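Reader: Please present the model, and then let us discuss how its parts meet.

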There are 2 protein chains.
Amino acid sequence: MAKSFDSVWTRAPRQPRTSGLTRDQIVRAAIDLLDSEGLPALSMRKLGGRLGAGATSLYWHVANKDELLELALDEFWGLVDDGGGLDGSGSLRETLTTYAYNLRAVLLAHPWAATLIGQLPSWGPRAFRLGERLRRTFTDAGFQGLDVYLAGGTVNSFVLGQIVPVIAMEKAHGGPVRQQDVVGMLDGLATDYPEMRADYHTVMPEDSTAGQALGFDFGLMCVLDGLETRLRGRPGADTVSGETNATGPS
Amino acid sequence: MAKSFDSVWTRAPRQPRTSGLTRDQIVRAAIDLLDSEGLPALSMRKLGGRLGAGATSLYWHVANKDELLELALDEFWGLVDDGGGLDGSGSLRETLTTYAYNLRAVLLAHPWAATLIGQLPSWGPRAFRLGERLRRTFTDAGFQGLDVYLAGGTVNSFVLGQIVPVIAMEKAHGGPVRQQDVVGMLDGLATDYPEMRADYHTVMPEDSTAGQALGFDFGLMCVLDGLETRLRGRPGADTVSGETNATGPS
DNA sequence: ACCTGAACACCGTTCAAGT
DNA sequence: ACCTGAACACCGTTCAAGT
């Protein structure tokens, strides 16, 4: 095909000095891609393409893909922090309930973050800021010493563990799961366990989103009850290791 | 190079009729590879190589890589089930403590499973068998209706959520994490949060494995306390939705 | 200082062809 | 029935070279 007339006017002007890629820009584009297409769909080439650059251009701003994902993960923690819940007004129970529901919502909105939490360290500034707020919440409530961190870890791990299988289900099903789909699956697969199957017919909520919320609420209450017991039980104690009931890790 | 003398005797005998690959064999080899090199290191080519076969041979026995991973994940659930803890002797508290520690240990021994739980459904026979045992544990203890499943989900999600970040830490560090490494990292990164840093110096256990176990124990006690509260509180209730304290998902 | 292209060593999966 | 090899459309990353 014929070349078009080249001239100063047809040729794209040289990019103004600082109009190249920014690390921020790259991270934002990565999060867009992660939100819309999911973690496995994020490739350096595709991301470069979206930014109108070669894939390898990204490597000047970022050491490798994992580093980019660490940056995205820290943005996620920033969203959790922004969601609030830890501003210090209200009872511990209210504060933690708000925080837990917020963390849950942000995780469901950015499911890739749940995967990354299991693969990369959360050592960015936003993660630390959130950690500090969580720490203050528990010290203000009266927790002391190691218990401050153990209590925070208990809430976080519960929320994370609650969401992780939900993400797997939605991925397997290719979208939000309806209760009837679960029932249909169980009727086909759990033929050896009639009681379980019957329960799914009779006792599970119609709306599986509501069911998941019920499970979350149930578990959260258990955790909060336990935390309050621990707080009231021995107000000045440094740790609770003396009242352990565990048989120990195997 | 010269061909060696070909004959019936030099030529390898035709494989006996059923000596080819087995699905079981493939899954076992996959788990070996996952245990020794981790999830990202598992490729169909490498797995085929280990079995003395072409990568593409595997596709006769297994539809795709995800299906293979589903099979491996079900084996994991089998290991959890074999670990016991749900045999029905002892109090609910004892039973659940043993179960939780066992689940934790099996997850730590096969960290890839924690990742897969977040990406694939657990709909294999061993997962169902374990689910049934868990169901019986809670019905025997007096839970009814939906609460049976909510209680089981609470224990499982706590354990899973507790282990997921530990896996990330070990991966980032390339091996088991020593407390001094965490302290060193925090001194460098959490400069804005002196109280947090000080706590890590004074209050964290020397042995970070012990620290993780403490955190697990603390949280598990919270969960168990909460479950017992719920059990004693309203022995005949079908669900606990009436006593929710949640502000609701956003 | 920032970006490009070619190149390397990989991936998962399909499919015609072999035995 | 079971396995192979070539092929396709991808990967992350390095590095010399450009501007």
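Reader: How much area do chain A and chain B bury between them?

Author: Buried area is the accessible area (1.4 Å probe) that two parts lose on being put together, summed over both. This is a predicted model, in which local features need pLDDT of at least 70 and side-chain atom pairs count only at pLDDT 80 or more, while totals for chains, interfaces and linings use all residues; side-chain values use heavy atoms, without hydrogens and water, residues are numbered from 1 along each chain as its sequence is written, and chains are lettered from A and ligands numbered from 1 in the order in which they are written. Carbon and sulfur atoms carry 69% of the area that chain A and chain B bury, and the total is about 6400 Å².

Reader: Which residues of chain A lose the most area to chain B?

Author: Contact means heavy atoms within 4.5 Å, and 76 residues of chain A are in contact with 76 residues of chain B. Three residues of chain A together make up 11% of what that side buries: Trp123(A), Phe128(A) and Phe218(A).

Reader: How many salt bridges are there between chain A and chain B?

Author: A salt bridge is a side-chain nitrogen of Lys or Arg within 4 Å of a carboxyl oxygen of Asp or Glu. One of them joins the side chains of Arg230(A) and Asp225(B), at 2.0 Å from N to O. The count between the two chains is four.

Reader: Which helix gives the largest share of the side of chain A that touches chain B?

Author: Helices are DSSP runs (H or I, at least four residues), numbered from the N terminus. Among those that each supply at least two residues of this side are helix 5 (92-109), helix 7 (125-141) and helix 11 (208-233) of chain A. The largest share, 19 residues, comes from helix 8 of chain A.
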